[in-house]
Amino acid sequence: MSSSDKDAPKITVSKEIIWHMTCGACRYYWTVPTMSEADNPSRRSWTCPLCATTLDAIEQDV
Ligand SMILES: [Zn+2]
């Protein structure tokens, strides 16, 4: 492959991060996908999509 192959077909890849969210009030679990390493959901509070409780988010080691 040389730079003259720029029009050749490629498989493009990109990394997706999927954050796992668990509501501390009702234990409902959902996911939040992002393409940005800096987009950490623990930076703010979230409202549970099931029970509508708004809680601070804290990152947990698995
Ligand atoms: Zn909930």
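**Burial.** I looked up how much of the chain is buried, and buried residues make up 0% of its 62 residues. I keep in mind that this is a predicted model.

**Overall shape.** I checked the radius of gyration next. The chain has 18 Å, whereas a compact globule of 62 residues would have a value near 11 Å. I then looked at the extent of the C-alpha trace, which spans about 55 × 20 × 20 Å along the principal axes.

**Elements.** I listed the secondary structure and found four strands and zero helices. Read from the N terminus, the order is β-β-β-β.

**Strand β1.** I went to strand β1, residues 17-22. Is this strand buried or in the open? A residue needs 20 or more other C-beta atoms within 10 Å to be buried. The number of buried residues among the six of β1 is zero, so the strand lies largely in the open.

**The β1-β2 pair.** I followed β1 to its pairing with strand β2, residues 29-34. The two run in the antiparallel sense and pair over six bridges. I picked out one of the residues in these bridges: His20 has Thr31 in β2 as its bridge partner. β1 and β2 form a hairpin, with six residues between them.

**Arg27.** I stopped at Arg27, which sits in the loop between β1 and β2. Its phi is positive, about 70 degrees, although Arg27 is not a glycine.

**Ala52.** I moved on to the loop between β3 (45-47) and β4 (54-56), where Ala52 is placed. Ala52 has a phi near 65 degrees, again a positive value in a residue other than glycine. I counted 10 other C-beta atoms within 10 Å of Ala52, and therefore it is exposed.

**Ser14.** I went back to the segment before β1, where Ser14 lies. Ser14 has 5 C-beta neighbours inside 10 Å and so counts as exposed. How many residues apart along the chain are Ser14 and Met35? They are 21 residues apart, and their C-alpha atoms are separated by 7.9 Å.

Definitions and conventions: Residues are numbered from 1 along each chain as its sequence is written. This is a predicted model: local features need pLDDT of at least 70, side-chain atom pairs count only at pLDDT 80 or more; totals for chains, interfaces and linings use all residues. The radius of gyration is taken over C-alpha atoms; the globule rule is 2.2 Å times the number of residues to the power 0.38. A residue is buried if 20 or more other C-beta atoms lie within 10 Å of its own, exposed if 12 or fewer, and partly exposed in between; C-beta atoms are placed from the backbone. Two strands pair if DSSP finds at least two bridges between them.
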